Amino acid sequence: MHIEILVEDSSGAKLIETLMPRVIGPEREPHTWRIHPYKGIGRISRGLTPQADPAKRALLDQLPRLLGGYGKTPGIDAVVVVLDNDRRDCTKFLAELQALLRRCTPAPATLFRLAIEEMEAWFLGDRQALLAAYPKAKKNVLDRYQQDSICGTWELLADAIYPGGQAAIQKAGWPLPGQIKHEWAVRIGPYMDVEVNASYSFSKFRDGVRRLAAGMD
């Protein structure tokens, strides 16, 4: 099976690149995949032909065009779309995504997965990996986190492991937030154990991809 994986930013793409072989095995044994990072989440277009500039590469803006194209492309067996939920209602957001997919003719086999609230929840779901990458992390800050809660996830992680915390990152401004998130993926990802992650949203991603690869979805 060949899977196209769409992710809203480079840090998420880097993490998934690291974890995919642990989720469904080494590439080409027997599955293959390509991971496409976008520049932000954007918003869902009402039609199949988005008005947004393709060069801006916001994922939801381009998603109708992408899914429509994948549905017509031989050799693409499935598509996985991974998005931060942020503060959206999960049920409504997934319903909007499924409605978009139904407008595609033909529609590719597609799995939508949400990180709750942000993909940093997946790092926080593997505390052993996090502490292996950042041994000096502030455990009292980590102890405040309720898994997969809507709490300002990346900011809490920053307060635990970045000198000066979220305030220092926000004061420096862009592009530092994106660079720091990418660094977290590079450093924490290699230590992560996909079988024991406490994040429910990560487990949904892992199990969904495995079912898809097994031809069960």
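The largest pocket in this predicted model has a volume of about 480 Å³. Its lining is made up of 24 residues. The second largest pocket has a volume of about 160 Å³. The structure also holds an open sheet of 4 strands and 0 disulfides.

**Largest pocket**

- Of the 24 lining residues, Asp9, Ser10, Ser11, Trp174 and Gly178 lie nearest the centre of the pocket.
- Three helices, α1 (10-24), α4 (120-124) and α9 (176-188), each supply at least two residues of this lining.
- The largest share comes from α9, which gives 4 residues.
- By class, the lining of the largest pocket holds 9 nonpolar, 6 polar and 9 charged residues.

**Second largest pocket**

- The residues that line the second largest pocket are Cys90, Leu94, Phe112, Arg113, Leu114, Ile116, Tyr200, Ser201 and Lys204.
- At least two lining residues each come from α3 (90-102), β4 (110-115) and α10 (200-213).
- This lining divides into 6 nonpolar, 1 polar and 2 charged residues.

**Cysteines**

- With 0 disulfides in the structure, Cys90 is in no such bond, and the nearest cysteine sulfur, that of Cys151, is 14 Å away.
- Seen from Cys151, the closest cysteine sulfur is that of Cys90; the 14 Å between them is too far for a bond, because a disulfide requires the two sulfur atoms to be within 2.5 Å.
- Cys90, one of the residues lining the second largest pocket, is partly exposed at a relative accessible area of 29%.
- Cys151 is likewise partly exposed, with 35% relative accessibility.

**Sheet**

- The 4 strands of the open sheet follow the order β2-β1-β3-β4, and their pairing is parallel.
- At the edges stand β2 (32-37) and β4, each of which pairs on one side only.
- Direction ignored, neighbouring strands of this sheet are turned by 20° against each other on average.
- Strands in a sheet pair through backbone hydrogen bonds, in either a parallel or an antiparallel manner.
- Strand β1 (residues 2-7) and strand β3 (residues 78-84) run parallel and are joined by 5 bridges.
- Glu4 stands opposite Val79, a residue in β3.
- Edge strand β4 also supplies at least two residues of the lining of the second largest pocket.

Key: Residues are numbered from 1 along each chain as its sequence is written. This is a predicted model: local features need pLDDT of at least 70, side-chain atom pairs count only at pLDDT 80 or more; totals for chains, interfaces and linings use all residues. Side-chain values use heavy atoms; hydrogens and water are left out. On a 1 Å grid over the protein atoms alone, a cavity is a set of points where a 1.4 Å probe fits but cannot get out, and a pocket is an open set with protein on both sides within 12 Å along at least five of seven lines; lining residues have an atom within 4 Å of a point. Grid points are joined across faces, edges and corners, and a volume is the space filled by probe spheres set on the points. Ala, Val, Leu, Ile, Met, Phe, Trp, Tyr, Cys and Pro count as nonpolar, Asp, Glu, Lys and Arg as charged, and the others, Gly among them, as polar. Buried means under 20% relative accessible area, exposed over 50%, partly exposed in between (1.4 Å probe, protein chains only). Two strands pair if DSSP finds at least two bridges between them. Axes are lines fitted to C-alpha atoms, for helices over the stretch in contact, and angles run from 0 to 180 degrees between N-to-C directions.
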